[in-house]
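Have a look at this one with me before we talk. I've jotted down a few points, going from the overall picture to some single residues.

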Amino acid sequence: MAKIHLLVNLKSGSNRGEKALKKIETVLKNEKMDYDIHISNYPGQLVPLATKVANEINSGTEYVIVVGGDGSLNQALNGVKNSDHPNTPLAYFPAGTGNDFARAAKLETDSLKLIRHLKNNPIITKVDCGKYHDLINGETRYFVNNLGIDFDAYVVNKTNHSKLKTKFNKINIGNLTYGINIVQALKGQDNFKVRVSTNGHTSYYEHAYLVTTTNHPYFGGSVPILPIASIYNHQLDIAIVEKPNLAKFIYLFSKLLINGSHMKSKQFHYFESSAIEVKTDDPEYDQLDGEELSKRKFHLKF
């Protein structure tokens, strides 16, 4: 008989995590399945919780479900990678605002179908995750979506602290908050200098506005920044956008949403590689899987 370990962020998606947990618990009880619940009570707690659960799993019929947003999945991933069993499989029930990884992986969002799938000895599918090593402070972390410097970090910051986010999540249009803050970011974000090295080649950009290293096409709540990216090709992709004027940005953004032809713009640059190096001259803001990080200089190996 399968046993389910739930790693839960109740607050994700303006309490969507709590609602999702209630639905999943109802299904687990109806299906007469054994389960336990590990709830995150403070930011970052899912990391040690996931490490503990992964260390204690001793059966091929025990499954871990992460219930929360992409940031919750990121924490669980890093917790598992820090454990004695770093290849422990993770199931993910999206209950955040953006849910970009679930979109990229086309994950199940019906709790009944998910639990019945796990009940019937599912096949484990391997997908890619990203990893970076900070050559300045020695930190190593994994990510499921992307690490973005400046523009998308600004958008994440404004979205995470927006009162509209909570209101919009209640009526299932939380992604609209990202769109509003994208427009605000055009006014409030400056360009910066960055070096990007891939496949033995180094490029230097003096007017970078967005630098995002990504594991799949989406960021910022379903925006397909790099349609060619995939969680199955064992490659990372990086997009570098040089600062456009407002008219050019609106044009690029419309192309991005319509057909992906923004990638042909002179201000848009991208590379695909299994290893990428990024270095900034000055401290910049960044985000990792939708979670704000500290302002700092970067020298990262992906």
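Here are my notes, point by point.

1. First, keep in mind that this is a predicted model. The protein chain's secondary structure comes to nine helices and 17 strands. Of its 302 residues, 51% count as buried. If you take contacts between residues at least 6 apart in sequence, 72% of them join residues at least 24 apart.

2. Now for a pair of helices. Two packed helices are described by the angle between their axes and the distance between the axes. The crossing of H2 past H3 is right-handed.

3. Which residues of H2 and H3 make the contact? On the H2 side, look for Leu46, Val47, Ala50, Thr51 and Ala54. H3 brings Ser72, Gln75, Ala76, Asn78, Gly79 and Val80. Sort the residues of this contact by type and you get six nonpolar, five polar and no charged.

4. Zoom in on serine 72, which sits in helix H3. Is serine 72 buried or exposed? Its relative accessibility is 2%, so serine 72 counts as buried; the cut-off for that is under 20%. What does serine 72 touch, leaving out residues up to four places away in sequence? The answer is Asn9, Ser12, Leu46 and Val66. With asparagine 9 there is also a polar contact, side chain to side chain, at 3.2 Å.

5. Next, some backbone angles to check. Most residues other than glycine have a negative phi. Lysine 32 has a positive one, near 55 degrees. You'll find lysine 32 in the loop between helix H1 (12-30) and strand E2 (34-39). With a relative accessibility of 68%, lysine 32 counts as exposed, as the cut-off there is over 50%.

6. Asparagine 99 is another residue to look up: its phi is near 55 degrees, a positive value in a residue other than glycine. Asparagine 99 belongs to the loop between strand E4 (90-94) and helix H4 (100-105). Where lysine 32 counts as exposed, asparagine 99 counts as buried, at 15% relative accessibility.

Conventions. Residues numbered from 1 in each chain as written. Predicted model: local features only at pLDDT ≥ 70, side-chain atom pairs only at ≥ 80, totals over all residues. Heavy atoms only, no water. Left-handed = near helix turned anticlockwise from the far one by under 90°. Helix = DSSP H or I, 4+ residues; strand = E, 2+ residues; numbered from the N terminus. Contact = heavy atoms within 4.5 Å. Nonpolar A, V, L, I, M, F, W, Y, C, P; charged D, E, K, R; others polar. Buried < 20%, exposed > 50% of the residue type's maximum accessible area, 1.4 Å probe, protein only. Polar contact = N/O pair within 3.5 Å; in protein donor to acceptor, adjacent residues only side chain to side chain.
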